[in-house]
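Q: I would like to learn how to read salt bridges in a structure. Can we work through one together?

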Amino acid sequence: MKCNTRHSWTSSGRKESVAEHSWGLAFMAMLLMDEFPDLDMNKVIRMCLIHDLGEAFTGDIPTFEKTMDDEEKEQEIFENWLDTFPEPCRQQFRDLLIEMEERVTGEARLYKALDNLEAVIQHNEADLSTWLPLEYDLQFTYGSDKVMFSPYLMELKEEIDRQTREKIGKG
């Protein structure tokens, strides 16, 4: 995950690694512990840390390019890798991944919302010259549907959108 880079750029002008994204996401979850006292934030942090492990094998494919075939391939490779894990670790990972995919629990919904928000925040930190034309709209829409369950996250998304408008305006 350290060696595979993402579509995103860092504020210092280099590509972000998948590991950096996952760490940043887990750090966000840790910072928000007090905002979600009814959730198992240790579980959310575990979700954040493992959510892109499949990309260690396939590399990162930006969300706007990723197909169902890409997702299925990534899932298959990841499942085969998980088969090599000893129990009970193998089942713990599988259970966590199922919960993340179903997004029924508060923990899974929070992890996914933060995953989307972190990507938008990272784009705001990168130089505007690294943005693709489609990202000007994507910055405002990406993650909007994922935050609807939480007034706190909706407010956070509004603030991120404000910062996006400011960045584009200065561009």
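A: Start with one pair; bear in mind that this model is predicted. The side chains of Asp-161 and Lys-157 form a salt bridge, with 2.6 Å from N to O. That falls within the 4 Å cut-off.

Q: Where do Asp-161 and Lys-157 sit relative to each other?

A: Both lie in helix α8, residues 151-170. They are four residues apart, so about one helical turn separates them.

Q: Are Asp-161 and Lys-157 buried or exposed?

A: Buried means under 20% relative accessible area. Asp-161 has 12% relative accessibility, so Asp-161 counts as buried. Lys-157 is at 3%, so Lys-157 is buried too.

Q: What is the N to O distance in the salt bridge of Arg-6 and Asp-52?

A: It is 3.7 Å. Arg-6 lies in strand β1, whereas Asp-52 lies in the loop between α2 (41-50) and α3 (55-58). The pair therefore ties together parts that are 46 residues apart in sequence.

Q: Are Arg-6, Glu-16 and Asp-52 buried or exposed?

A: Arg-6 is buried, at 10% relative accessible area. Glu-16 is buried at 2%. Asp-52 is buried at 8%.

Q: How many salt bridges does the count come to?

A: The count comes to 16.

Definitions and conventions:
Residues numbered from 1 in each chain as written. Predicted model: local features only at pLDDT ≥ 70, side-chain atom pairs only at ≥ 80, totals over all residues. Heavy atoms only, no water. Buried < 20%, exposed > 50% of the residue type's maximum accessible area, 1.4 Å probe, protein only. Helix = DSSP H or I, 4+ residues; strand = E, 2+ residues; numbered from the N terminus.
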